[in-house]
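The following report describes a structural model, from the fold of one chain to the contact between two.

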Number of protein chains: 2
Amino acid sequence: MRCASLLLLFGLVLSGCGGEDPEDPLASWNTGPSKKRIVDFVRAVTTRGGPDHVPPPERIAVFDNDGTLWCERPAYFQLLFAIDRAKTLARDKPELWKLDPSIQAAIEGDLEGLAKSGEKGLMELVMVTHAGMTVDEFAKTAANWIETARHPRFKRRYNQLVYQPMLELLDYLRANGFKTFIVSGGGIEFMRPWTERVYGIPPEQVVGSRIKKSFLERDGTFVIAREAAIDFVDDKAGKPIGIHNHIGRRPIAAFGNSDGDLQMLQWTTSGEGARLGVIVHHTDAEREYAYDRKGHVGRLDKALDEAPERGWVVVDMKKDWKVVFPGE
Amino acid sequence: MRCASLLLLFGLVLSGCGGEDPEDPLASWNTGPSKKRIVDFVRAVTTRGGPDHVPPPERIAVFDNDGTLWCERPAYFQLLFAIDRAKTLARDKPELWKLDPSIQAAIEGDLEGLAKSGEKGLMELVMVTHAGMTVDEFAKTAANWIETARHPRFKRRYNQLVYQPMLELLDYLRANGFKTFIVSGGGIEFMRPWTERVYGIPPEQVVGSRIKKSFLERDGTFVIAREAAIDFVDDKAGKPIGIHNHIGRRPIAAFGNSDGDLQMLQWTTSGEGARLGVIVHHTDAEREYAYDRKGHVGRLDKALDEAPERGWVVVDMKKDWKVVFPGE
């Protein structure tokens, strides 16, 4: 008893001094309303006999990926992958690309020209670089890129540009009986090769956009081939549908950062009982990037407007996070 | 040591007498080659340092539902649900159904007339009875039916017509670090309301056929509505695709009973390392049903032909199972 009181006192003193509590599962989060809201929610749903208790199987938490778990600037990392891949493919078969303006722009690293080619051009780039191979071949290609390519500004591998406070949050939720899922507009097969190692989220808990596939017998064995056609877009209103199709339960907590997450937040937090909706607001141009309503990537406008009335926590990256990336 | 030897001797004597070993996790399976192949496989993949060891996250086992985990005669239970539902709907709005021959046949319990209306007629029946409501409303309807309707021959609730030996197998695999999934041609939302309680398989581990959905704001809240259009058919070549999209790993064990499971078995067992493919062969007209190559439901023809060359275990229901349904 005395010992516990002493520890408590010690903890309080430490926290009063701005020091770090090594026992704090959210050590990279500054003390403040955002952290408090998250911790209060987790306590409420895990308190047995409490009015907001939720049994473990129903403790489903969904996380957007781009801009929520890892950085999404200067462009979605998957687009940077597609550009690198177009360059590699062009090396082998230059004649194939000469006439396509979007592929040409990609090969020349001309992001502006690529943007000018519009949604159609981007789609073409993704199809050309992501289809026409088996799912195993694509998984190897994606895994290899993520382990070798470097971010232009931070000069780190892309999987090192995940947010340390969010990694802690994933661990903290799982330690409290939550099952954590990714629900991303990004390609499901672009994420799955590395999410288990980086986020502790296994492939079967990754929901994302998909291209069509076909099952084929080839050279005496069986393969699943990737086709150049969209199957499902897991963005905006697609997110609650993707959640429903993959998970089959309404989550009790959702984490996003842009208007692409609006419907996922609406669906999650309008359910009965205790609910948590969180938006990561990019406010830190120095350590990461600062953008919201005018973002060409990860635009946050409507969801920011709805946040107060719906009771969503808006995390201020600059104020709420002690560090942004691991090892800082 | 002496105690263990005595127990072992006692166990051996019991098993020699054909008595039941209360410690046997597969107590409803008769001793024989089918049971031995299953147990040997599980030992091989769980033996640390062994040549066939598989780390737990990769221990994915997939199960067909109709005819593999529960009975599928005299017709798929979901079709019987659709018929009951058509009757209920007709009671409220008889004028809506008078002109549709497939719905008319369903209402009159005329399975033959329904069969004559072909795939189009069946599809119409499913759409009319399964769409036009929210996913929550449908889940309640399905759960209510499964808890109240009775099988015409066995006079039991449908969720009591699950196979006891397969329930033991699910538990046995999970006790050995496997993650168990359903991969069924049946409707994903028809299964999810009850699979967790009956099979121990949570909604997020159920893969099935789907109709389209839309996310809507209605009366100030948010709903997911079911539309009268097919989204995905999780049968035949659709099964490996469904597995890939939902799970994202190739299973190491697959259990089926019909040609609808052929591609799932091919995909699973053609992977590298130890693999297990199992077919439940319905050979027991007395305790359940006997059918294979000429079945109008659950036809088993090509998969039965391929079983020997691909090394799939063919379970003989009559010989291999001590009991079929729980509590017998």
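## Fold, helix packing and interface

Of the 328 residues of chain A, 43% count as buried, a term that applies if 20 or more other C-beta atoms lie within 10 Å of a residue's own, whereas a residue is exposed if 12 or fewer do and partly exposed in between, with C-beta atoms placed from the backbone. The model is predicted, so local features need pLDDT of at least 70 and side-chain atom pairs count only at pLDDT 80 or more, while totals for chains, interfaces and linings use all residues. Residues are numbered from 1 along each chain as its sequence is written, and chains are lettered from A and ligands numbered from 1 in the order in which they are written.

Chain A contains 13 helices and eight strands; helices (H or I, at least four residues) and strands (E, at least two) are DSSP runs numbered from the N terminus. Its C-alpha trace spans about 75 × 40 × 40 Å along the principal axes. Contacts are pairs of residues whose C-beta atoms, placed from the backbone, lie within 7 Å. Among contacts in chain A between residues at least 6 apart in sequence, 64% join residues at least 24 apart.

| Side of helix 7 of chain B | Residues |
|---|---|
| Buried | B:Val135, B:Phe138, B:Ala142, B:Trp145 |
| Exposed | B:Asp136, B:Asn144, B:Glu147, B:Thr148 |

Between the chains, 26 residues of chain B are in contact with 26 residues of chain A. Strand 3 (206-218), strand 4 (221-232), helix 10 (238-246) and helix 11 (262-269) of chain B each supply at least two residues of the side that touches chain A. Helix 10 of chain B gives the largest share of that side, five residues.

Elsewhere in chain B, B:Arg299 lies in the loop between strand 7 (290-291) and helix 12 (302-310). B:Arg299 is partly exposed, with 17 other C-beta atoms within 10 Å. Leaving aside neighbours within four places in sequence, B:Arg299 is in contact with B:Ser258, B:Asp259 and B:Arg293.

Terms used:
Two residues are in contact if their C-beta atoms, placed from the backbone, lie within 7 Å.
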